[in-house]
Each structure stands twice: as C-alpha cells, then as structure tokens.
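This report describes selected backbone, packing and pocket features of the protein shown below. Please read the text alongside the sequence and the structure.

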Amino acid sequence: MPSPRTEPAEAARSHSWLRQAFLTALAVPAVRFLTGMDVIGRERLPQTGPAIVAANHASHMDAFMLLSLFPAKTLAKVRPVAAADYFLANPAISWVSLNLIGISPISRKVKRGEDVLAPARRALERGEIILVFPEGTRGSGQGMGDLKGGVARLAEAYPAAPVIPIWIQGADRVLPKGARTPVPMNCTALVGEPLVWAERQDRPGFTAALRESLEALAAAAPPQKWS
C-alpha cells in the first residue's frame with residue numbers, strides 16, 4: 001500500500017489523459033444523470049488556482065459532485081483532498097484514487113512532527129484547485145459537525161488562494177453513509193462568496209466565518225425532489 005505521504009502528482013500527470021477521459025466521459029455524466037446537479041452561484045466557482053473549495057461532507061458522492069461542477073478544461077487542475085486510510089486502503093483502490101479521481105491524500109492519524117497538510121500545500125503551490133471537507137469525515141446529512149482547522153491553516157499559508165464555500169444539498173440521500181448503491185435524487189450545489197485570509201484576524205475567526213457561510217448556504221437550499 002502506498003504511504004499516506006506519497007505525493008500523487010507524478011503518477012497523476014503520467015495518467016492525466018486517462019483521468020480526463022474517466023472524469024469527462026464516465027464519472028461526471030453519471031453524477032449529472034443521477035443528481036441533476038442544479039448549481040446556484042456557478043459564477044463564483046474558481047477557474048484557476050491556487051484556490052480552496054470547502055464543502056460539507058455527508059456522502060462518498062460529494063467529491064464527484066464537486067468535480068462535476070467544473071468544465072472539462074478546468075478538471076485537470078482540480079484535486080480532491082481525501083483520507084489516505086480509506087482511499088489508499090489497497091492497491092486497486094489506491095490506483096483508482098490517485099490516477100483516475102486524482103486525490104491528494106492526507107492522513108487522519110497524525111504522527112508527531114508530521115505535516116498532514118503537506119500534499120494539499122504542494123497542490124496549491126502547483127496552482128491547483130483543491131476540494132476540502134473541513135468536517136474531516138462524513139456526517140449524517142443533518143447539519144454539520146465541527147469544522148477542523150486545516151482550511152484556516154492553508155488560507156493563512158496561502159493568502160492569495162481564496163476559500164470558496166459550497167453547500168451540497170442531497171448527497172446524503174443519493175448515497176447515504178453505509179449504503180453501497182446510489183439512487184437518483186435531484187441535488188443542488190450552492191456556491192458562496194469567497195473568503196480571503198486577509199479579512200480575518202486569526203484561524204478560529206476564519207473557521208467561524210467559514211462555518212457561518214456554509215450555514216447561510218444551507219439555509220438557502222431549495223427543497224429536494226426526486227430526479
């Protein structure tokens with residue numbers, strides 16, 4: 001099994017054409033078919049990096065739903081940040097995760113002195129758009145859990161990278177936690193105004209502002225309906 005600290009960039013670049021084909025010809029059309037994926041505030045999506053997209057997390061569909069928001073020409077620069085212990089669990093899952101989905105793996109088990117955000121930092125340094133779930137793990141879909149401080153740390157380290165909050169409505173009903181088979185359900189992505197580190201005094205304040213933005217988007221989400 002690859003180390004959680006293994007940087008996928010070289011492998012991902014060597015398979016970039018395969019990843020592009022997988023996402024544009026298979027994964028993104030499948031997500032759009034299953035979910036309808038209405039988008040409110042699409043004009044706020046970043047088209048170039050470095051940028052940080054921070055979204056709520058209730059389903060394994062979330063990363064694919066976020067990827068489906070971007071045009072094909074941008075997808076090569078969009079990289080989901082994902083848990084190494086799950087997505088590098090065995091050689092087959094690891095290969096798909098690194099080369100087709102294009103994840104930037106981080107460890108959820110922190111070793112002393114280890115910078116678990118290093119892969120995300122390198123992605124931002126390469127000018128990529130990273131997709132982050134600041135709750136750190138999937139929730140039930142009923143509101144949000146506590147937000148970790150990783151997004152604030154990245155925003156502080158890369159103040160030129162805007163943080164774009166996105167609320168995903170309905171992923172928990174398409175593929176709930178523990179389910180194996182997705183079901184069709186109309187979903188909505190609400191894209192908020194970017195947050196910029198320079199506007200905040202400290203990490204807790206930035207994290208609180210991010211939570212406030214996500215909660216406001218959740219409150220504005222339309223009722224769900226079957227696709």
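Directly after α7 comes G127, a residue with a positive phi near 80°. The model in which this is seen is a predicted one. Two further backbone features belong to loops. M37 has a phi near 40°, which is a positive value in a residue other than glycine; M37 sits in the loop between α2 and β1. With a relative accessibility of 8%, M37 falls under the 20% limit and therefore counts as buried. The peptide bond between G49 and P50 is cis, with omega at about 5°, and P50 belongs to the loop that connects β1 (38-40) with β2.

| Residue or bond | Backbone angle |
|---|---|
| G127 | phi near 80° |
| M37 | phi near 40° |
| G49 and P50, cis peptide bond | omega about 5° |

Helix α7 is largely enclosed by the rest of the structure, because six of its eight residues are buried. These buried residues of α7 are A118, P119, A120, R121, A123 and L124. Their cover includes the strands β2, β3, β4 (104-106) and β5, together with helix α8.

In α8, the buried residues are V151, A152, L154 and A155. They span an arc of only 165° around the axis, and so they lie on the same side of α8. The elements against which the buried residues of α8 pack are β2 (51-55), α7 (118-125), β5 (129-132), β6 (163-169) and α10 (203-219).

**The largest pocket**

The volume of the largest pocket is about 1200 Å³. Its lining comprises 48 residues, and those nearest the centre of the pocket are H57, V81, A82, A83 and F87. Two or more lining residues come from each of α2 (16-35), α3 (62-67), β3 (78-83), α5 (84-87), α6 (91-101) and α8 (150-157). Among the elements, α2 gives the most to this lining, with six residues. By class, the lining of the largest pocket holds 33 nonpolar, nine polar and six charged residues.

**Confidence**

The average pLDDT of the protein chain is 86, and 87% of the residues score at least 70. In residues 1-12, the pLDDT is below 50.

Note on methods:
Residues numbered from 1 in each chain as written. Predicted model: local features only at pLDDT ≥ 70, side-chain atom pairs only at ≥ 80, totals over all residues. Heavy atoms only, no water. pLDDT = per-residue confidence, 0-100. Contact = heavy atoms within 4.5 Å. 1 Å grid on protein atoms, 1.4 Å probe; cavity = no way out; pocket = protein on both sides within 12 Å on 5 of 7 lines; lining within 4 Å. Points joined across faces, edges and corners; volume = space filled by probe spheres on them. Helix = DSSP H or I, 4+ residues; strand = E, 2+ residues; numbered from the N terminus. Nonpolar A, V, L, I, M, F, W, Y, C, P; charged D, E, K, R; others polar. Buried < 20%, exposed > 50% of the residue type's maximum accessible area, 1.4 Å probe, protein only. Arc of directions from axis to C-beta.
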